[in-house]
Amino acid sequence: DEQLDLDDGRWEDIHVVTGALKLFLRELPEPLVPFSHFDKFIAAIKIQDPSLRGRCIRDLVLSLPPAHHDTMKVLFRHLCRVVEHKEENRMSVQSVAIVFGPTLLRPASEEASMAMHMVFQNQVVEHILNHYGHIF
């Protein structure tokens, strides 16, 4: 309910805005990729055949609840624009995936294999960024 003045100088640091976005996404009761879809996305990214993997991930994105799908579409469109300016901001596809993967896609409970999941979480985000036009 707080009214923010985005013209205030404290919002000029992009790291503050990015941190606020990540915090918002992390504090959602359920991540952007719902818990019910986590294992499906992890299984899909492990598919060896690139064509089949691409179709499977696209189908999973399309199967998301409308609010999740639509938010993902807008967020990833923005993240693709961030990547387009990687020479200035040093945010490559891999960097964006590392920053946002664990926030957007996480299991319902933390497990011992969390480090292993992180690799796949990042790969899912990287795949969606690399194939945004095909997926959305």
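Questions on a predicted helical model

Trainee: Is Val96 buried or exposed in this structure?
Mentor: This is a predicted model, and in it Val96 has a place in helix H6. Buried means under 20% relative accessible area, and because Val96 is at 1% relative accessibility, Val96 counts as buried.

Trainee: Which residues does Val96 touch, not counting residues up to four places away in sequence?
Mentor: Contact here means heavy atoms within 4.5 Å, and the residues up to four places away in sequence are not counted. With that rule applied, Val96 touches Leu79, Val82, Val83, Met91, Gly101 and Leu129.

Trainee: How many Å separate the C-alpha atoms of Val96 and Ile45?
Mentor: Along the chain, Val96 and Ile45 are 51 residues apart.

Trainee: Where does Gln94 lie, and is Gln94 buried, partly exposed or exposed?
Mentor: Gln94 lies in helix H6. Partly exposed covers the range between the buried cut-off of under 20% and the exposed cut-off of over 50%, so Gln94, at 42% relative accessibility, counts as partly exposed.

Trainee: How far apart in space are Gln94 and Val125, C-alpha to C-alpha?
Mentor: In sequence, Gln94 and Val125 are 31 residues apart. In space, taken from C-alpha to C-alpha, the separation of Gln94 and Val125 is 8.8 Å.

Trainee: What is the volume of the largest pocket, and which element gives the largest share of its lining?
Mentor: The largest pocket has a volume of about 420 Å³. Of the 14 residues that line this pocket, the closest to its centre are Ile14, Thr18, Val82, Asn89 and Met91. The elements that give two or more residues to the lining are helix H1 (14-26), helix H4 (66-84) and helix H6 (93-104). The largest share, five residues, comes from H1.

Trainee: Which element gives the most residues to the largest nonpolar core?
Mentor: The largest nonpolar core has 31 residues, and those with the most contacts inside it are Phe41 and Ile128. Two or more residues of this core come from each of helix H2 (35-45), helix H3 (50-62), H4, H6, helix H7 (114-130) and helix H8 (132-135). The element that gives the most to this core, with six residues, is H4.

Trainee: Which residues does Phe41 touch, not counting residues up to four places away in sequence?
Mentor: Phe41 is one of the residues with the most contacts inside the largest nonpolar core. When residues up to four places away in sequence are not counted, Phe41 touches Val33, Ile57, Leu60, Val61, Leu64, Leu105, Val124 and Ile128.

Trainee: Why is the pair formed by the rings of Tyr132 and Phe136 described as it is?
Mentor: The count of aromatic pairs comes to one. The ring centres of Tyr132 and Phe136 are 4.9 Å apart and the ring planes stand at 40 degrees, so the pair is tilted. Tyr132 is buried, with a relative accessible area of 16%, whereas Phe136, at 23% relative accessibility, counts as partly exposed. The name for the arrangement of these two rings is therefore tilted.

Trainee: Is His68 buried or exposed, and with which residues is His68 in contact?
Mentor: His68 has its place in helix H4. Because the relative accessible area of His68 is 17%, His68 is buried. Leaving aside neighbours within four places in sequence, His68 is in contact with Glu30, Pro31, Leu32 and Pro34.

Trainee: What is the phi of Arg90, and where is Arg90 placed?
Mentor: Most residues other than glycine have a negative phi. Arg90 has its place in the loop between helix H5 (86-89) and H6, and Arg90 is exposed, with a relative accessible area of 73%. Its phi is a positive value in a residue other than glycine, near 60 degrees.

Note on methods: Residues are numbered from 1 along each chain as its sequence is written. This is a predicted model: local features need pLDDT of at least 70, side-chain atom pairs count only at pLDDT 80 or more; totals for chains, interfaces and linings use all residues. Side-chain values use heavy atoms; hydrogens and water are left out. On a 1 Å grid over the protein atoms alone, a cavity is a set of points where a 1.4 Å probe fits but cannot get out, and a pocket is an open set with protein on both sides within 12 Å along at least five of seven lines; lining residues have an atom within 4 Å of a point. Grid points are joined across faces, edges and corners, and a volume is the space filled by probe spheres set on the points. Helices (H or I, at least four residues) and strands (E, at least two) are DSSP runs, numbered from the N terminus. A nonpolar core is a set of buried Ala, Val, Leu, Ile, Met, Phe, Trp, Tyr and Cys residues joined through side-chain atoms within 4.5 Å. Buried means under 20% relative accessible area, exposed over 50%, partly exposed in between (1.4 Å probe, protein chains only). Rings of Phe, Tyr and Trp (its six-membered ring) pair if their centres lie within 6.5 Å; planes under 30 degrees apart count as stacked, over 60 as edge-to-face and the rest as tilted.
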